[in-house]
Amino acid sequence: MSLYEEVVDIVTDYLGPAAERYIKRQVDFHMEKSAEELTKEDVGQMAEWVRSSLGLLTQDKKMVDECADRLVALSTG
Amino acid sequence: MKKVSGVMWFLLVVWVIYAYFNLTSPIGDNAFELTSVQLFLIRLTIVAPYLLIWAAALHGANKLSDYASSIHDSHDGKALVHFARGLHVLLAGMIASTLLSTFTSRWPEFASTIHRPLQITLNYLYVMFPLAAYALFMLGVREFRQVAPKMRALTKPILPILVIVTMAAAIFVIGVFTNDEREFSLEGQATYYLSDMNLVLTIVLPTIASWLLALYVAVNVWSYQIEVKGTIYKKSLKKLSLGLIGVVVASIVLQFLISLGSIRLIGLGLELILVWIYVWLIALAIGYVLVAVGARRLARIEEVEVGKVNGKEKS
């Protein structure tokens with residue numbers, strides 16, 4: 001499983017079928033590369049975007065932190 | 001946005017015409033011996049909510065359509081495009097049948113000369129629009145299955161669906177064929193003006209098929225909401241699912257009431273008829289409002305960027 005697929009897999013647990021679209025949109029918006037070219041450093045940065053953007057969709061801070069922490073773990077693992 | 005507003009204005013004009021013709025229709029048989037003031041007030045309590053329901057229906061279907069169009073390349077987007085089209089078809093059928101029904105009440109003498117084709121057309125409107133809408137919903141369910149493959153394993157609801165539809169179909173068939181005025185009427189107007197064979201092939205079977213489709217769709221939409229991944233997505237989807245199921249159930253109830261025929265409906269008594277109508281109107285309005293709210297919430301997921309939702313900065 002590629003890094004990108006692992007990221008999609010984690011975010012899918014929270015955003016379901018919207019996850020892949022969300023990741024591609026975030027990468028398009030912030031990086032000049034395709035989502036498939038994500039590196040571990042990018043995923044660490046993405047964890048922070050997730051923390052702030054998912055917080056706009058839910059009041060459940062624990063869930064948002066859990067998603068961001070899983071991405072952080074992926075970037076450092 | 002301008003396009004939606006234009007359609008809303010058109011809807012308002014259609015409703016004003018409908019309201020005027022309905023409220024100025026002659027009293028007719030006056031089966032419940034109401035005064036003209038009582039009749040006017042009762043009509044008003046039905047005519048007024050129609051505007052809210054039509055507006056809620058159009059708003060809900062448009063919201064869903066907008067959201068589905070924004071993600072049309074994905075399977076869930078394709079599914080919701082079918083659902084949005086189905087909701088538009090249901091709304092079109094509801095408006096067309098309401099207008100035609102009002103026309104026959106407003107000009108009873110003229111309508112009586114062409115009552116046979118009018119009644120046949122009205123019956124087909126009641127049957128064919130929902131059938132077409134549910135068929136579109138089925139296409140949507142097929143796309144949902146690509147997103148949540150576990151839905152394939154959900155075969156258990158089939159049996160309860162068959163039991164419920166069989167029972168409803170039995171009551172419906174008995175109701176239709178114990179109606180002595182189904183093809184001819186010596187005193188008034190017949191209910192269907194169709195031979196038994198045509199009645200079975202073009203009204204009874206399509207109606208039963210539409211109920212089967214509708215319940216199958218309702219169960220599958222709920223199954224999708226349960227099986228699809230994504231904690232935040234599921235919460236947003238729940239309102240949309242409840243709304244779609246509400247609209248489907250409300251349209252089944254309407255078809256069932258219509259199938260009773262006017263004589264049996266009058267036999268229920270004024271209070272019971274009004275209760276059924278109001279419950280139906282409220283259920284339908286809530287269903288469409290939930291569709292709009294659900295679509296709006298799902299759209300937020302597609303719009304969210306770091307620090308903003310729908311172009312607005314987080315406060």
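In which helix of chain B is Ala79(B) found? Select Ala79(B) and you will land in helix α3 of chain B. Before moving on, please note that this is a predicted model, in which local features need pLDDT of at least 70, side-chain atom pairs count only at pLDDT 80 or more, and totals for chains, interfaces and linings use all residues. Residues are numbered from 1 along each chain as its sequence is written, chains are lettered from A and ligands numbered from 1 in the order in which they are written, and side-chain values use heavy atoms, with hydrogens and water left out.

**Stop 1: around Ala79(B)**

Ala79(B) counts as buried because its relative accessibility is 0% (buried means under 20% relative accessible area, exposed over 50%, partly exposed in between, with a 1.4 Å probe and protein chains only). Now show its surroundings. Leaving aside neighbours within four places in sequence, Ala79(B) is in contact with Gly140(B), Glu143(B) and Phe144(B) (contact means heavy atoms within 4.5 Å). Next, pick Ala19(B) as well: the two alanines, Ala79(B) and Ala19(B), are 60 residues apart in sequence and 35 Å apart in space, C-alpha to C-alpha.

**Stop 2: His82(B)**

Select His82(B), which is found in helix α3 (residues 75-106) of chain B. Is His82(B) buried or exposed? With 16% relative accessibility, His82(B) counts as buried. Apart from neighbours within four places in sequence, the contacts of His82(B) are Leu136(B), Phe137(B), Leu139(B), Gly140(B) and Glu143(B).

**Stop 3: two helices side by side**

Colour α2(B) and α3(B). They pack at an angle of about 160°, with their axes 8 Å apart (axes are lines fitted to C-alpha atoms, for helices over the stretch in contact, and angles run from 0 to 180 degrees between N-to-C directions). That angle makes α2(B) roughly antiparallel to α3(B) (under 35 degrees counts as roughly parallel, over 145 as roughly antiparallel, 65 to 115 as roughly perpendicular and the rest as oblique). Show the side chains where the helices meet: among them are Tyr50(B), Trp54(B) and Leu58(B) in α2(B), and Leu80(B), Phe83(B) and Leu87(B) in α3(B).

**Stop 4: aromatic rings**

The structure holds 10 aromatic pairs over all chains (rings of Phe, Tyr and Trp, using its six-membered ring, pair if their centres lie within 6.5 Å; planes under 30 degrees apart count as stacked, over 60 as edge-to-face and the rest as tilted). Select Tyr18(B) and Trp54(B): their ring centres are 5.6 Å apart and their planes are at 40°, so the pair is tilted. This pair links distant parts of the chain, with Tyr18(B) in helix α1 (residues 2-23) and Trp54(B) in helix α2 (residues 36-70) of chain B, 36 residues apart. Both Tyr18(B) and Trp54(B) are buried.

Tyr50(B) and Trp54(B) lie four residues apart in helix α2 of chain B, about one turn of the helix. Finally, select Phe83(B), Tyr134(B), Phe137(B), Phe144(B) and Tyr224(B), which ring pairs link into a cluster.

**Last stop: zoom out**

Show chain B as a whole and look for its 10 helices and two strands (DSSP runs numbered from the N terminus: helices are H or I, at least four residues, and strands E, at least two). Buried residues make up 44% of the 315 residues in chain B.
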